[in-house]
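Reader: I'd like to go through this model with you. Can you put it up, please?

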Amino acid sequence: MALHTVPVRYVRNFRKQDLDRVVDIGNSSLTEYYTPSLIMDLYRSWPESFMVYCVGSEIVGFIVGSRQSDIDARILLLAVDARYRNQGGCGSALMDSFLRLCRDCGIRSVRLEVRTDNEKAISFYRRYGFSITSTLKSYYSDASDAYVMWKILE
């Protein structure tokens with residue numbers, strides 16, 4: 001009888017050799033365009049906050065943030081390969097890891113921007129306790145609006 005093995009799923013820190021896959025996921029999942037040099041600039045701003053989610057050896061999602069001050073952070077990008085969305089694991093594991101890092105670093109609040117028409121993402125962030133605090137008109141390159149969402153860490 002053959003044993004069926006399930007690939008191990010885990011979050012780990014971004015490595016430079018992950019760059020091409022991260023760029024692919026970002027550009028296929030998000031509406032803005034991200035160059036490799038921009039992704040590396042984001043990495044350099046707070047390397048510990050750049051995490052990838054792996055299924056076996058394949059990267060299927062990532063999150064990256066920045067420290068706005070000693071007590072405030074911002075989620076810059078969170079993207080998951082379309083094949084792994086809405087399966088109750090990848091985005092949640094990345095968010096849990098990011099928020100744990102923030103707490104460990106003494107961060108007291110986290111903010112992010114999300115398209116006002118991205119109902120699934122807004123719902124996801126609300127489940128994590130983020131609240132809409134304002135609207136940024138014409139925030140994205142296609143002139144779409146964004147909500148600013150904040151969460152106070154406890």
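Reader: Which side chain meets D142 in a salt bridge?

Author: R115 does, at 3.4 Å from N to O. A salt bridge here is a side-chain nitrogen of Lys or Arg within 4 Å of a carboxyl oxygen of Asp or Glu. Some ground rules. This is a predicted model, where local features need pLDDT of at least 70 and side-chain atom pairs count only at pLDDT 80 or more, while totals for chains, interfaces and linings use all residues. Residues are numbered from 1 along each chain as its sequence is written, and side-chain values use heavy atoms, with hydrogens and water left out.

Reader: Where do D142 and R115 lie?

Author: D142 is in the loop between strand 6 (131-136) and strand 7 (146-152), and R115 is in strand 5 (residues 109-115), so the pair ties together parts that are 27 residues apart in sequence. Helices (H or I, at least four residues) and strands (E, at least two) are DSSP runs, numbered from the N terminus.

Reader: Is R115 buried or exposed?

Author: R115 is buried, with a relative accessible area of 9%. D142 is partly exposed at 48%. Buried means under 20% relative accessible area, exposed means over 50%, and partly exposed lies in between (1.4 Å probe, protein chains only).

Reader: How many salt bridges are in the whole structure?

Author: The search finds 11. R21, E58, D81 and R83 are linked in a network of them.

Reader: What are the N to O distances in there?

Author: For E58 and R21, the closest N and O atoms are 3.5 Å apart. E58 sits in strand 3 (residues 58-67) and R21 in helix 1 (residues 19-29), so that pair links distant parts of the chain, 37 residues apart. For R83 and D81 the distance is 3.1 Å.

Reader: New topic. Which residues touch the most other members of the largest nonpolar core?

Author: I75, M95, F98, V110, Y125 and F130, out of 31 residues. A nonpolar core is a set of buried Ala, Val, Leu, Ile, Met, Phe, Trp, Tyr and Cys residues joined through side-chain atoms within 4.5 Å.

Reader: Which element gives the largest share of this core?

Author: Helix 3, with eight residues. Take M95. Not counting residues up to four places away in sequence, M95 touches I63, I75, L78, F124, Y125, Y128 and F130. There is also a second, separate core of 18 residues, which includes L19, I25, F62 and A79.

Reader: What about helix 4? Which residues are buried there?

Author: A121, I122, F124 and Y125. Seen down the axis, they fall within an arc of 160°, so they line one face of helix 4. The face turned away carries the exposed residues E119, K120 and R127.

Reader: What covers the buried residues of helix 4?

Author: The cover includes strand 4, helix 3, strand 5, strand 6 and strand 7. After helix 4 comes G129, whose phi is positive, near 90°.

Reader: Pockets next. What volume does the largest pocket have?

Author: About 1,000 Å³. On a 1 Å grid over the protein atoms alone, a pocket is an open set of points where a 1.4 Å probe fits, with protein on both sides within 12 Å along at least five of seven lines. Lining residues have an atom within 4 Å of a point. Grid points are joined across faces, edges and corners, and the volume is the space filled by probe spheres set on the points.

Reader: Last one. Where is Y147 found?

Author: In strand 7. Y147 counts as partly exposed, at 22% relative accessibility. Its C-alpha atom is separated by 7.3 Å from that of T133, 14 residues apart along the chain.

Notes: Contact means heavy atoms within 4.5 Å. The arc is that of the directions from the helix axis to the C-beta atoms.
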